[in-house]
Amino acid sequence: MKYLLFNTTNRALRFIGIGYEWSAKFAVLLCLLLISFSAQAESAIDEQIRQLESELLQIHQNQQNVYQQFQMTQELRRHELQQQEEVATIPPMGTYPPTGTFPELGTAKMSEFLPEVTIGGSPPSYEEMVRKKQERQKRIRQYTSDLDRLRTQYQELETEKKTLMEQISDLKRSKQSELTR
């Protein structure tokens, strides 16, 4: 191909009146220009690859941040669900003697039949318990919504990451094919 280019260039230069000395110099200059353009094309491809890899790294870091937020939100939701279950399964306050046993007449104490009393405060009101339950359910719904949003965001970043990886591999293949020519 170089011979063909040199020969064609040489003929063209002779046609326009430039001698053999100048045609050889011109052919060398033309080859140097082609090599220079080739090197610039390679550096442009390398620059694109570096830029895409930088974007890929940034997306990967964003993805890690989203995943950490997801884990924290998931743990908060799990804690709220656990609190909700604990409230629903509170054992009765007092202890009673087993059913079917009757104390002997005159030997039973009144404390065996009464629930234990806790000193230091009154039990929460029904309205307060309902309000706390509603707040907990609202937080659980919000955490669930946040988890869905974070999952979607993570998947979008993953899709963007795959696209960039494909672009990088395409550029590397085109660079490799240019080098083998």
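1. Gln63 is found in helix H2. Helices here are DSSP runs of H or I with at least four residues, strands are runs of E with at least two, and both are numbered from the N terminus. Is Gln63 buried or exposed? Gln63 is buried, at a relative accessible area of 3%. Buried means under 20% relative accessible area, exposed means over 50%, and partly exposed lies in between (1.4 Å probe, protein chains only). Setting aside neighbours within four places in sequence, Gln63 is in contact with Tyr154, Leu157, Glu158 and Lys161. Contact means heavy atoms within 4.5 Å.

2. **What kind of model this is.** This is a predicted model, in which local features need pLDDT of at least 70, side-chain atom pairs count only at pLDDT 80 or more, and totals for chains, interfaces and linings use all residues. Residues are numbered from 1 along each chain as its sequence is written, and side-chain values use heavy atoms, with hydrogens and water left out.

3. **The overall plan.** The protein has 3 helices and 0 strands. Read from the N terminus, its elements run α-α-α. Of the contacts with a separation of 6 or more, 72% are between residues 24 or more positions apart.

4. **Surface and burial.** Of the 181 residues in the protein, 15% are buried. The accessible surface comes to about 15,000 Å². Carbon and sulfur atoms hold 58% of that surface. These areas come from the Shrake-Rupley method with a 1.4 Å probe; for residues, only the protein chains shown count as cover.

5. **The nonpolar core.** In soluble globular proteins, nonpolar side chains tend to be buried together. The largest nonpolar core in this model has 13 residues. Such a core is a set of buried Ala, Val, Leu, Ile, Met, Phe, Trp, Tyr and Cys residues joined through side-chain atoms within 4.5 Å. Which residues have the most contacts inside the largest core? They are Ile49, Leu52, Leu164, Ile168 and Leu171. Helix H2 (20-88) and helix H3 (126-180) are the elements that give two or more residues to this core. H2 supplies the largest share, 7 residues. Take Leu171 as an example. Apart from its neighbours within four places in sequence, Leu171 is in contact with Ile45, Gln48, Ile49 and Leu52.

6. The model has 10 salt bridges. Each is a side-chain nitrogen of Lys or Arg within 4 Å of a carboxyl oxygen of Asp or Glu. One of them joins Lys175 and Asp46, whose closest N and O atoms are 2.6 Å apart. Lys175 lies in helix H3 and Asp46 in helix H2, so this pair ties together parts 129 residues apart in sequence. Lys175 is partly exposed at 23% relative accessibility. Asp46 is partly exposed too, at 22%.

7. **A salt bridge within one helix.** Arg50 and Glu47 also form a salt bridge, at 3.1 Å from N to O. These two are 3 residues apart in helix H2, about one helical turn. Arg50 is partly exposed at 47%, and Glu47 is partly exposed at 42%.

8. Glu80 and Arg139 meet in a salt bridge at 3.1 Å, N to O. Glu80 is in helix H2 and Arg139 in helix H3, so the pair ties together parts 59 residues apart in sequence. Glu80 is buried, at 10% relative accessibility. Arg139 is partly exposed, at 33%. Glu80, Arg136 and Arg139 are linked in a network of salt bridges.

9. **One aromatic pair.** How many aromatic pairs does the structure hold? It holds 1. The rings of Tyr67 and Tyr154 have centres 6.3 Å apart and planes at 50°, so the pair is tilted. Rings of Phe, Tyr and Trp (its six-membered ring) pair if their centres lie within 6.5 Å; planes under 30 degrees apart are stacked, over 60 edge-to-face, and the rest tilted. Tyr67 is in helix H2 and Tyr154 in helix H3, 87 residues apart. Tyr67 is partly exposed at 43%, and Tyr154 is partly exposed at 32%.

10. **A threonine to look at.** Thr144 lies in helix H3. Thr144 is partly exposed, with a relative accessible area of 27%. Its side chain reaches the backbone oxygen of Ile140 at 2.8 Å. The C-alpha atoms of Thr144 and Gln74 are separated by 8.1 Å, though the two residues are 70 apart along the chain.

Definitions and conventions. A polar contact is a pair of N or O atoms within 3.5 Å; within protein, one must be able to donate a hydrogen and the other to accept it, and residues adjacent in sequence count only if both atoms are side-chain atoms.
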